[in-house]
Amino acid sequence: MLPFTRWRAAGAAAVAMLSSVAFGQTWTACNPLHTTCPPDPALGMTINVDFTKGQVGTFVGSGGSPTYGDGGVSFTVAKSGDAPQLNSVFYIMFGRVEVTMKAAPGNGIVSSLVLQSDDLDEIDFEWLGHDSSTVQTNYFSKGQTTSYNRGQFNPAPNNQAEYITYTIDWTSERIVWYVGGTAVRTLTYSDAAGEYPQTPMQVKFGAWSGGDPANSPGTIEWAHGPTDYSKGPFTMLAKSATVSDYSTGKSYSYSDNSGTWQSIKSDGGEINGNLGKAGQVAVTATAAAATGSSPSVPAGGIGKGSTATQTGWPWEGTGSAKSNPVPDGWIITPEGKIVPSSSNAMKPPNAFLLAGPLVMAILALAGGRRP
């Protein structure tokens with residue numbers, strides 16, 4: 001059983017999580033290339049999350065209020081500042097991420113699926129709402145944007161009307177982006193020319209308005225804005241997610257400031273310890289060449305400073321996995337829920353039960369039930 005003090009702390013964290021609405025640039029709270037940072041909590045397994053059944057504790061919301069229903073989790077942009085997202089409470093060190101979803105429509109509206117590390121390595125899918133036939137694939141290393149030649153537009157027909165499974169399969173040797181079982185892009189380590197993403201990643205997905213008039217001209221142009229909110233609301237839907245960590249252990253840490261995958265250490269496990277054991281992507285075809293290079297956003301058009309991401313998301317670090325850790329004595333289930341381990345499956349103290357709706361919200365996050 002969690003001590004009462006931990007329950008009280010968990011309650012305070014839940015209040016902050018449930019009430020926070022953050023609209024600044026996404027950032028990393030601690031960049032291990034510049035300082036010593038806490039370890040990254042590891043997934044170390046495979047989870048299969050069904051969002052049609054409600055919330056799960058392994059993904060927490062920020063930047064707005066994702067809602068749940070028969071279609072899965074909805075990310076709705078209805079007005080300036082809306083940027084609902086889900087963030088994993090874990091990291092993966094190489095792995096596979098699959099999300100079955102519908103992209104949001106609307107000029108200026110962006111749906112995003114991003115893997116991002118503390119030192120700003122990044123792997124992206126981004127759907128621009130003005131075009132329902134393509135998806136942009138992109139990657140960054142250490143947040144560097146000295147050139148903007150990494151993005152591609154790849155085929156993803158009818159992506160706003162149909163649920164399609166999008167997959168990022170990431171190893172130390174290559175990254176493959178899949179659309180509905182079709183490999184649309186492959187990036188090898190050597191092709192990346194020293195800019196290959198290779199450090200532990202958190203999983204984030206949601207929708208935002210790149211075309212908001214408050215954004216920089218470069219971001220608005222990239223998103224095909226400006227956004228006309230009178231034509232909304234604009235909603236992205238995610239039905240399910242499968243996440244496989246190709247490494248094992250309790251946490252991942254940086255042994256130096258090189259930012260190489262060989263410098264990453266696992267506590268209680270092994271880097272690449274699950275490689276080849278987590279199943280395979282069911283590939284149906286290989287797509288034709290990309291439809292064209294992405295114009296992306298010009299330098300200075302989005303995030304600024306050494307800790308800002310380069311996707312243009314208006315999401316702050318409120319979804320940090322380290323600010324929403326799995327409590328001691330609790331475990332992640334294969335369904336993505338966070339539950340007490342068998343030796344800790346006791347009810348919380350009566351005093352905690354008096355907290356009313358807050359407790360219901362916490363228990364919903366822990367057990368996947370809707371409050």
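Phe125 and Trp127 are both buried, where buried means under 20% relative accessible area, exposed over 50% and partly exposed in between (1.4 Å probe, protein chains only). This is a predicted model, so local features need pLDDT of at least 70 and side-chain atom pairs count only at pLDDT 80 or more, while totals for chains, interfaces and linings use all residues. Residues are numbered from 1 along each chain as its sequence is written, and side-chain values use heavy atoms, with hydrogens and water left out.

Now for the rings. Rings of Phe, Tyr and Trp (its six-membered ring) pair if their centres lie within 6.5 Å; planes under 30 degrees apart count as stacked, over 60 as edge-to-face and the rest as tilted. That rule gives 12 aromatic pairs. Here are two of them:

| Pair | Centre to centre | Angle between planes | Type |
|---|---|---|---|
| Phe59 and Phe90 | 5.8 Å | 75° | edge-to-face |
| Phe125 and Trp127 | 5.6 Å | 25° | stacked |

Phe59 sits in strand 3 (residues 59-62) and Phe90 in strand 6 (residues 85-92), so their pair ties together parts 31 residues apart in sequence. Strands (E, at least two residues) are DSSP runs, numbered from the N terminus. Phe59 has 2% relative accessibility and counts as buried; Phe90, at 1%, counts as buried too. Ring pairs also link Phe59 and Phe90 with Phe51, Phe75 and Phe205 in a cluster.

Charges turn up over rings as well, meaning NZ of Lys or CZ of Arg is within 6 Å of the ring centre and within 35 degrees of the ring normal. Arg185 lies over the face of Trp177, 4.9 Å from the ring centre. Lys239 has its charged end over the ring of Tyr163, 4.1 Å from the centre.

Notes. Helices (H or I, at least four residues) and strands (E, at least two) are DSSP runs, numbered from the N terminus.
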